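Let's walk through a protein model together. Take a moment to look at the picture before reading on.

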Amino acid sequence: FVMLTLLAFGLALGIGTFLWQSVQTSSVVAIQTRIDVMKPAFTTIRFLLIGLVALSWPASTQLLHRSGRIDEARAMRLLSMRWRIVTWLVVIELVLGQNLLGQVLAVLQGSGA
């Protein structure tokens, strides 16, 4: 969890630095064009990170249990919660990252419903 948090922080810092440099050297239209081009890559990275969480969950739980940080009951509970957490991460990505709610509302507004 800590490593994934540090990875997310590092990615956010890198993206922020890139955008800061872009603001200083480019126009707003050029920056928006670059962001639009990079959106699919960022979406792929986010889904890969969600997949990494899903795949590394059992190993991380076992590591925590073997190191004595959590007991057997908590390890089993964490294992049972893996798909619930992954599902929520996917839902958050769809709603916030892909703006699914905004797209649905735009379709409903456009159809006159």
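This is a predicted model: local features need pLDDT of at least 70, side-chain atom pairs count only at pLDDT 80 or more; totals for chains, interfaces and linings use all residues.

Residues are numbered from 1 along each chain as its sequence is written, and side-chain values use heavy atoms, with hydrogens and water left out.

How many salt bridges are there? The count comes to two, taking a salt bridge as a side-chain nitrogen of Lys or Arg within 4 Å of a carboxyl oxygen of Asp or Glu. In one, the side chains of K39 and D36 meet at 3.7 Å, N to O. K39 and D36 sit three residues apart in helix α2 (residues 28-66), about one helical turn; a helix here is a DSSP run of H or I with at least four residues.

The side chains of E93 and R46 also meet, at 2.7 Å, N to O. E93 lies in helix α4 (residues 82-97) and R46 in helix α2, so this pair ties together parts 47 residues apart in sequence. E93 is buried, with a relative accessible area of 6%, whereas R46 is partly exposed at 31% (buried is under 20%, exposed over 50%, partly exposed in between, with a 1.4 Å probe and protein chains only).

Now for the largest pocket: on a 1 Å grid over the protein atoms alone, a pocket is an open set of points with protein on both sides within 12 Å along at least five of seven lines, and lining residues have an atom within 4 Å of a point. Of its 33 lining residues, L4, T5, A8, L49 and V53 are the closest to the centre. Helix α2 gives the largest share of the lining, 15 residues.

Methods. Helices (H or I, at least four residues) and strands (E, at least two) are DSSP runs, numbered from the N terminus. On a 1 Å grid over the protein atoms alone, a cavity is a set of points where a 1.4 Å probe fits but cannot get out, and a pocket is an open set with protein on both sides within 12 Å along at least five of seven lines; lining residues have an atom within 4 Å of a point.
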